[in-house]
Amino acid sequence: MPVEVSAPLALPDLLPEAARGFAVLDLETTGTGRSCRIVEIALVRLDPRGRITEEWETLVHPGMLIPNAHIHGIDDELVAGAPSFEEIVGILAAKLHEHVLVAHNLRGFDGPILEAHFAEVDGIDLSLGSGVDTMPKPRVKLVDPCARHGVELDPGVAHTALGDTRALTRALQSGMAHLEPAGSAVAV
């Protein structure tokens, strides 16, 4: 008996009413636990039809030594003059507002870390919404869904927030059949 494969939803069908588009995001951090600190943030904003409207990236001073620079190449010297999360939180919140957050492992990694960082800043009440998590079951590295959708994850920029975000954006634009529509967008 043939296995039935569902067609991917059109990008507008992944959005709840009134969402302004997508914010595809990736974080590089000091570790893998939920208490780790962000050292780099990148996002690519898309309109509801999937057209890129903005790219944004910044290093972030984590307020601690970076023990895993060998993974992403971001070391203590590189972030020495970078802003803290508290210094960029307003800019990031404005960029995310009314957009559906998209990340590879959103629920297991990026979302909880972002929520923890936002919770530490007074004066910003933020809900990340339900978002779109591109991590399929079983879990796979980003390179796998990218390759499946004809997107090459350049080894020179893999494990950089902007390199990973750009690759995930192209895979999202090509249509990923396993994605579920978001119930809500980010609200600040």
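Helices (H or I, at least four residues) and strands (E, at least two) are DSSP runs, numbered from the N terminus. This is a predicted model, in which local features need pLDDT of at least 70 and side-chain atom pairs count only at pLDDT 80 or more, while totals for chains, interfaces and linings use all residues. Residues are numbered from 1 along each chain as its sequence is written, and side-chain values use heavy atoms, with hydrogens and water left out.

At Pro112, α3 bends by about 25 degrees, the bend being the angle between axes fitted to the seven residues ending there and the seven starting there. Pro112 is also among the buried residues of α3, which include Phe109, Ile113 and Phe118; buried means under 20% relative accessible area, exposed over 50%, and partly exposed in between (1.4 Å probe, protein chains only). The buried residues of α3 pack against β1, β2, α2, β4 and β5, where contact means heavy atoms within 4.5 Å.

Strand β4 (residues 99-103) is largely enclosed by the rest of the structure, because five of its five residues are buried. β4 pairs in the parallel sense with β1 over four bridges, and Val102 is the bridge partner of Val24. Pairing requires at least two DSSP bridges between two strands. β4 also pairs with β5 in the parallel sense, over two bridges.
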